[in-house]
Amino acid sequence: MFLDYDGVLTPIVSHPDLATLSIATREVLEDLATKTEVAIISGRDTTDVREKVGLNGVWYAGSHGFDIVGPDGAPADTETLGRFEQYVPALEAATDMIVTAVTGMPGVHVEPKRFAVAVHFREAEDGAESIIEGLVREIGDSDVRLVVTTGKKIFELRPAVEWDKGKALEWLIQRLEIDLESSIPIYLGDDVTDEDAFAVLIGSGIGIVVGRDGEPSRASYALEDTDEVRRLLARLAAEIEP
Ligand SMILES: [Mg+2]
């Protein structure tokens with residue numbers, strides 16, 4: 001079971017710090033993790049999402065899958081993931097520039113992560129979006145090591161390397177030695193970055209998009225909201241034989 005965090009396990013809120021996991025959802029996840037492999041694949045920093053979920057026995061892939069830790073909390077240190085380290089100085093420099101530039105802009109929130117830096121503008125004034133987009137694109141265009149991505153009320157800089165939630169999902173399926181003949185990987189996500197993971201599962205698993213109001217998606221199924229997600233997870237947990 002592969003799960004995005006924001007918009008899937010918790011509703012989208014005005015400030016990312018406010019997206020806390022409900023006790024009911026944590027209990028369902030804990031139960032599920034005793035019966036099957038569970039991995040959270042989030043755009044958040046790994047430390048942040050791990051703290052918010054608060055469970056051992058679960059894999060965490062933060063920064064859109066650039067930073068993966070195992071169920072014991074130890075980094076999944078491999079050649080594949082290790083090569084992302086070289087992008088950290090560029091991201092730190094970009095973070096400093098962004099923080100300096102947006103200081104004093106009300107409602108704009110910078111979220112530094114180990115392998116990305118995000119600028120949130122959900123609470124910002126009208127007109128902030130184009131200013132932030134201009135700023136982030138200028139920094140991204142001036143450094144070949146970085147690329148700009150977007151999501152729900154967010155602009156983000158990431159390493160300019162072919163890696164995304166889909167690649168992280170493939171990596172986890174291999175690492176967990178999931179036999180696709182006898183197992184069905186399921187991925188739940190809500191945002192554009194989750195589409196890469198849905199694409200990976202076409203023909204080999206099940207993609208479920210959450211709260212997208214019938215917009216096009218590569219997922220095979222859709223759920224209305226995070227309450228429906230919790231109910232689905234509870235049903236699966238009840239039916240899976242450990
Ligand atoms: Mg999400």
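Into which domains is the protein divided? Some notes from going through the model.

1. The protein splits into domain 1 (2-75 + 162-239) and domain 2 (83-159), with bounds that come from an automatic or database domain assignment. Their centres, taken over C-alpha atoms, are 24 Å apart. Domain 1 puts 18 residues into the contact and domain 2 puts in 17 residues, where contact means heavy atoms within 4.5 Å.

2. Some housekeeping. This is a predicted model, so local features need pLDDT of at least 70 and side-chain atom pairs count only at pLDDT 80 or more, while totals for chains, interfaces and linings use all residues. Numbering runs from 1 along each chain as its sequence is written, and side-chain values use heavy atoms, with hydrogens and water left out.

3. Next, the metal. Asp-4 (OD), Asp-6 (O) and Asp-190 (OD) coordinate the magnesium ion at 2.0 to 2.2 Å. Donors are N, O and S atoms within 2.8 Å of the metal (3.2 Å for Na, K and Ca), and water is not among the atoms, so the site may look incomplete. The sequence spacing of the donor residues is D-x1-D-x183-D. Helices (H or I, at least four residues) and strands (E, at least two) are DSSP runs, numbered from the N terminus.

4. Both of those aspartates are buried, Asp-4 at a relative accessible area of 4% and Asp-190 at 3%. Buried means under 20% relative accessible area, exposed over 50% and partly exposed in between (1.4 Å probe, protein chains only).

5. The largest nonpolar core has 46 residues, of which Phe-2, Ile-68, Ile-98 and Leu-172 touch the most other members. A nonpolar core is a set of buried Ala, Val, Leu, Ile, Met, Phe, Trp, Tyr and Cys residues joined through side-chain atoms within 4.5 Å. Helix 4 gives the most to this core, six residues, and each of domain 1 and domain 2 supplies at least three. Phe-2 touches, not counting residues up to four places away in sequence, a list including Ala-39, Ile-41, Leu-172 and Tyr-187. A second, separate core of 26 residues includes Leu-3, Val-38, Val-229 and Ala-237.

6. Arg-122 sits in the loop between strand 6 and helix 5 and is partly exposed at 35% relative accessibility. Its C-alpha atom is 6.2 Å from that of Ser-14, although the two are 108 residues apart along the chain.

7. Ser-63 has a positive phi near 45° and is buried at 0% relative accessibility. Glu-177 also has a positive phi, near 50°, but is exposed at 70%.
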